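Here are my notes on the two-chain model you sent over. Keep the 3D view open and click along as you read.

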Amino acid sequence: MEILNPEMTRLLTAKGTRRRKLAALPFPDKVRAVLQLQRMVAPLWRARGKQVRVWKIDEPAMRNVTPHAP
Amino acid sequence: MEKTLQVLNDLVRTEVLSRYAIGGAMGATFYVEPVLTFDLDVFVVLPRTGGGLLTLEPLYEALRARGYREEDECMNIEGVPVQFLPVYNALLEEALAEAQETRYEATSTRVLRPEHLLAIALQTGREKDRERVRLLREQARLDQKYLNDVLARHKLDVRWNQWKS
């Protein structure tokens with residue numbers, strides 16, 4: 001079995017911590033994160049011919065946490 | 001999204017809907033990290049029509065009367081494409097009956113329990129449902145006994161064991 005080097009182990013641990021932190025956000029903050037994901041992903045999907053609609057809602061800025069793509 | 005939920009609550013208040021709860025990716029997002037989705041899946045119990053038929057048409061009519069419009073298979077309510085899914089089997093009936101009351105900012109709403117979201121994903125069985133099951137297993141606080149009971153009651157324990165391994 002391949003053994004990860006310490007730097008990769010540290011990065012993967014940090015990634016897991018971040019995902020748990022995102023999972024623990026209040027629901028309205030998660031909705032704001034989904035909106036950011038939609039804005040990030042929509043142009044890529046549209047370029048591939050898939051029609052998607054980013055939600056047109058006013059949500060206040062999210063507090064200090066930004067999403068990462070799944 | 002709060003305005004969207006207020007409209008849904010108003011539909012319950014005016015008895016257009018008997019009950020609703022958020023499911024799908026946004027329901028899962030309540031319990032796990034934010035998951036990309038472009039619509040809001042809302043499971044609904046509809047009042048029965050005179051002929052006993054279950055149809056979304058009275059719901060759509062009520063929304064059209066409030067100025068909302070259909071977009072493909074969704075109804076756009078205050079900027080959010082909402083897909084209404086009438087409950088069609090025993091698992092969904094149970095999931096909706098036992099959905100959790102919660103608040104979104106100042107507005108009350110209902111979200112399916114994580115154990116039911118997991119069971120529904122198992123039952124639906126698509127590739128993206130596997131990912132949802134994985135996320136719920138990893139990140140949601142599942143009541144294991146409650147989950148086992150749901151899975152046994154709806155004969156999903158075999159698939160659960162397959163997907164877990």
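**Notes on the model**

1. Let's start with a single residue. B:D72 counts as exposed, because its relative accessibility is 65% and the cut-off for exposed is over 50%. Before you read too much into any one side chain, remember that this is a predicted model.

2. So who does B:D72 pair up with? The partner is A:R53: the two form a salt bridge, with their closest N and O atoms 3.3 Å apart. This pair crosses between chains, running from the loop between β3 (69–71) and β4 (74–77) of chain B, where B:D72 sits, to the segment after α2 (27–47) of chain A, where you'll find A:R53. A:R53 has a relative accessible area of 29%, so it is partly exposed.

3. Stay on A:R53 for a moment. A:R53 also forms a salt bridge with B:E71, and here the closest N and O atoms are 2.5 Å apart. Across the interface of chain B and chain A, the rule finds four salt bridges. There are also 10 residue pairs in polar contact across that interface, counting pairs with both residues at pLDDT 80 or more.

4. Which parts of chain B do the touching? On the side of chain B that touches chain A, α2 (24–29), β5 (80–86) and α6 (127–139) each supply at least two residues. α6(B) gives the most to that side, with three residues.

5. Now zoom out to the whole interface. In contact with each other are 27 residues of chain B and 24 residues of chain A. The two chains bury about 2300 Å² between them, and 66% of that is on carbon and sulfur atoms. Within chain B, the residues that lose the most area to chain A are B:P34, B:L36 and B:F38, which together make up 31% of what that side buries.

6. One more charged group to click on: A:D29, A:R32 and B:E105 are linked in a network of salt bridges. Over all chains, the structure holds 18 salt bridges.

7. Some salt bridges sit inside one helix. In helix α6 of chain B, B:E138 and B:R134 are four residues apart, about one turn of the helix. They form a salt bridge whose closest N and O atoms are 2.7 Å apart. B:E138 is exposed, with a relative accessible area of 52%, whereas B:R134 is partly exposed at 30%.

8. The side chains of A:R10 and A:E7 meet in a salt bridge at 2.8 Å, N to O. Why are they about one helical turn apart? Because A:R10 and A:E7 are three residues apart in helix α1 of chain A. Both count as partly exposed: A:R10 at 47% relative accessibility and A:E7 at 42%.

9. While you're on chain A, look for a nonpolar surface patch of about 340 Å², made by A:L4, A:M8, A:L11 and A:L12. A:L12 lies in helix α1 (residues 6–23), and its 45% relative accessibility makes it partly exposed.

10. Last, chain A as a whole. It has two helices and zero strands, and 33% of its 70 residues are buried. Among its contacts with a separation of 6 or more, 67% come from residues 24 or more positions apart. Chain A exposes about 5000 Å², of which carbon and sulfur atoms supply 59%.

Definitions and conventions:
Residues numbered from 1 in each chain as written. Chains lettered and ligands numbered in written order. Heavy atoms only, no water. Patch = residues over 30% accessible without salt bridge, like charges linked within 9 Å, V, L, I, M, F, W, Y side chains within 5 Å. Areas by Shrake-Rupley, 256 points an atom, 1.4 Å probe, with all protein chains shown as cover. Buried < 20%, exposed > 50% of the residue type's maximum accessible area, 1.4 Å probe, protein only. Contact = heavy atoms within 4.5 Å. Buried area = accessible area lost by both parts, 1.4 Å probe. Polar contact = N/O pair within 3.5 Å; in protein donor to acceptor, adjacent residues only side chain to side chain.
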